[in-house]
Each structure stands twice: as C-alpha cells, then as structure tokens.
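Me: I am new to this structure and would like to learn how to read it. Could you take me through a few features, one at a time?

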Amino acid sequence: MEMIIVLLFFSISGAVCIQLFAKAHLISEASVNLNQATMYAESIAELFQGYSGDAVMMSKDSALDSLVITDKENTDKKTLILLFDKDWNLLQSPANPETQSMAAFLLMAEIEELPAAVVYADTQYALNISLDQSAAVCNIEVLDIQTQDLTKMSPDKIEGTPIYSLKTDIYLGRK
C-alpha cells in the first residue's frame, strides 16, 4: 500500500514537471517570435522613415524581397508584404504560391498618404498645419500564419495571430 502511494506521488510529480517544461518551451518560443517580430517591424519603420513613406522604393531596397499591393479604391494606399519561414528567414518571391505555402510569419505594412491636419489633429501643432500639407502613415503588423493557408486568402483579408504591431508616420510637407 505504501509503495502504491509513493508511485502515485511520483507519477503526479512527473506529470507536473512535464507540464512545467512544456509551458517553459511555449513561453520561450513566444519570446523568440516577439523579439524577431519587433526587430523586423522596427526595421521596416526605419526604412519607411528613410524613404519618406515611398512603398515602391522600400520594396526595391536590396535587403527586401517584398510584395507591394495597391489598394484599388485608394491609390494612395499601398501594402508591403514580407513572408518569413518558421525560423524567421525572409522568403524570396512572396508572390509565388510555393513560397506562400512555406510561410509561417507575415509582416504587413500598410502605407497611406493623408492630409497632415488629419494625422496630427491630436497634437499641439495641429493649428499650424494647413490643408495642403501631407503626411505618410505606416501601420505595421506582424502575424503568425502557421495555421493558415496563404494561397487561399486575398491580400486584403489576411488572417493570423497578431504578434506585434507598430504605427509610425512622417511629415511630407506641401504637396
């Protein structure tokens, strides 16, 4: 009887330890994904600033192989898409369905040119901005798409688990 109690206690302790190791692994994986997502999103934000919000120039940057999608309704709105494999390696040729099937993570940067008065309406400088001035806004979102089939999604309805998002803007001045 004592031996059965000892075995029961040992098996419960073993189960708890296995759960702890599994949870630690999941936390570690989430931490790696968050760090990588943050690094890539901040890099895109810096490119956005460096190219003054020009999505086409950003996509032609030698470090990127990205897909630029123009919004049909709003020609000032462009979406830059980068695909990564499960180890966060940038995938080449993101428009290729074969590449899309290997994608585990997606970075989407929506870039839009808006009137500066709208972008900076909540700041103290809003009164000094005239209507003929503009600003570019970039909404960056990094998604975990490991459970999604990207080839069956349209670019405007990409679904996934959000990992990180970042919003930045740049004042462009007069049009």
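Me: Is Cys17 buried, exposed or partly exposed?

Reply: Buried means under 20% relative accessible area, exposed over 50%, and partly exposed in between (1.4 Å probe, protein chains only). Cys17 has a relative accessible area of 40%, so it is partly exposed. Cys138, at 0%, is buried. This is a predicted model: local features need pLDDT of at least 70, side-chain atom pairs count only at pLDDT 80 or more, and totals for chains, interfaces and linings use all residues. Residues are numbered from 1 along each chain as its sequence is written, and side-chain values use heavy atoms, leaving out hydrogens and water.

Me: How many disulfides are found in the whole structure?

Reply: A disulfide is a covalent bond between the sulfur atoms of two cysteines. The search looks for a pair of cysteine sulfur atoms within 2.5 Å, and it finds zero in the whole structure.

Me: Which strands pair with β4?

Reply: Strands (E, at least two residues) are DSSP runs, numbered from the N terminus, as are helices (H or I, at least four). Two strands pair if DSSP finds at least two bridges between them. Strand β3 (residues 105–115) runs antiparallel to β4, joined by eleven bridges, with Ala109 opposite Ile140. Twelve bridges link β4 to strand β5 (residues 161–174), also antiparallel, and there Ser134 faces Gly173.

Me: Why is β4 described as largely enclosed?

Reply: Ten of the twelve residues in β4 (residues 133–144) are buried, so the rest of the structure largely encloses it.

Me: Where is confidence lowest, and where is it highest?

Reply: pLDDT is the predictor's confidence in each residue, from 0 to 100. Strand β1 (residues 67–70) is lowest, with a mean of 68, and helix α1 (residues 2–50) is highest, at 91. The protein averages 82.
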